[in-house]
Amino acid sequence: MTDAELAVGGGQTLVRKERSLWEESLIRLLRNKIAVVSGIFLLLLVLVAVFANYVAPYDYAKQDLLANNAVPQWLMGLMPKGAENYARISDKFIFGADHLGRDLLSRTLYGARVSLSIAFVASFVSLSIGTIYGMISGYVGGRVDDLMMRIVDFLYAFPFLVVVILLQTYFKAIARRDKSTIAQ
């Protein structure tokens, strides 16, 4: 790395080691306390999801039908009046139990695995499709690039949820049509 020199009055120069763009970015990130705390929190969530076998107090599928709809005492203060008529008060489970007596904390920890895997796979697929799409657009250029950009503009113009609902309806219709032709 080269050194950056800065002339200071009186013939003195200050010498500072130049940093790469990555080093500068890391220093700026570490100065932002909210970003650091958020990053630590997200890292802890990922670690808890990965090591759910060791962190979860109970098996996620084990049922205790005598403790169905169990609500811990600390949570009863947040429930509406009359909730004790519908829920059992039990401190066996930290977050309570569902209608089949399964621990909600354990189910949440194991469910985080599914959510994280879906998030990572969706990000990877999106990155892959976007990279290939952009490479084709950039390589061919011209009218093909313009057409491909109008397609992207069209997709950006609609809310994502509407597009998902339309695609789901379309694919269900295709599946129903295929089932009816197979039955004949």
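**Nonpolar patch**

I began with the nonpolar patch, and α2 supplies its largest share, five residues. The model is predicted; I took local features only at pLDDT of at least 70 and side-chain atom pairs only at pLDDT 80 or more, while totals for chains, interfaces and linings use all residues. Residues are numbered from 1 along each chain as its sequence is written, and side-chain values use heavy atoms, with hydrogens and water left out.

I listed the patch members: Ile 40, Leu 43, Leu 44, Leu 47, Val 50, Phe 51, Tyr 54 and Val 55. Together they have about 810 Å² of accessible area on the surface. My patch rule takes residues with over 30% relative accessible area and no salt bridge; like charges are joined within 9 Å, nonpolar side chains (Val, Leu, Ile, Met, Phe, Trp, Tyr) within 5 Å. Areas come from the Shrake-Rupley method with a 1.4 Å probe, and for residues only the protein chains shown count as cover.

Which elements each supply at least two residues of the patch? They are α2 (33-50) and α3 (52-55). Elements are DSSP runs numbered from the N terminus: helices are H or I with at least four residues, strands E with at least two.

I then checked two leucines. Leu 44 lies in helix α2 and is partly exposed, at 48% relative accessible area. Leu 47 and Arg 113 are 66 residues apart in sequence, yet their C-alpha atoms are 9.9 Å apart in space.

**Confidence**

I looked up pLDDT, the predictor's confidence in each residue, from 0 to 100. The chain averages 87, and 93% of the residues score at least 70. Where is confidence lowest in the chain? Strand β1 (residues 3-8) is lowest, at a mean of 60. Helix α2 is highest, at 95.

**Largest pocket**

The largest pocket has a volume of about 400 Å³. α5 (104-140), α6 (142-157) and α7 (160-183) are the elements that give two or more residues to its lining. α5 gives the most, with five residues. I noted lining residues including Val 125, Ser 126, Ile 129, Tyr 133, Leu 155, Tyr 156, Phe 158 and Phe 160.

Method note: on a 1 Å grid over the protein atoms alone, a pocket is an open set of points with protein on both sides within 12 Å along at least five of seven lines, and lining residues have an atom within 4 Å of a point; a cavity is a set where a 1.4 Å probe fits but cannot get out. Grid points are joined across faces, edges and corners, and the volume is the space filled by probe spheres set on the points.

**Salt bridges**

I counted five salt bridges. The rule is a side-chain nitrogen of Lys or Arg within 4 Å of a carboxyl oxygen of Asp or Glu.

Lys 92 and Asp 64 form one of them, at 2.6 Å, N to O. Lys 92 lies in the loop between β4 (88-89) and α5, and Asp 64 in the loop between α3 and β3, so the pair ties together parts 28 residues apart in sequence. Lys 92 is partly exposed, at 41% relative accessibility.

Arg 102 pairs with Asp 98 at 2.8 Å, N to O, and both residues are buried. Arg 107 also meets Asp 98, at 4.0 Å, N to O. The shared partners join Asp 98, Arg 102 and Arg 107 into one network. Is Asp 98 buried or exposed? Asp 98 is buried, with a relative accessible area of 12%. Arg 107 is partly exposed, at 29%.

**Single residues**

Asn 69 has a positive phi of about 55 degrees, although it is not a glycine. Most residues other than glycine have a negative phi. Asn 69 lies in the loop between α3 and β3 (70-71) and is partly exposed, at 31% relative accessibility.

Last, I checked Met 76, found in helix α4 (residues 73-76). Met 76 counts as buried, at 13% relative accessibility. Its C-alpha is 8.0 Å from that of Ile 89, 13 residues apart along the chain.

Key:
Buried < 20%, exposed > 50% of the residue type's maximum accessible area, 1.4 Å probe, protein only.
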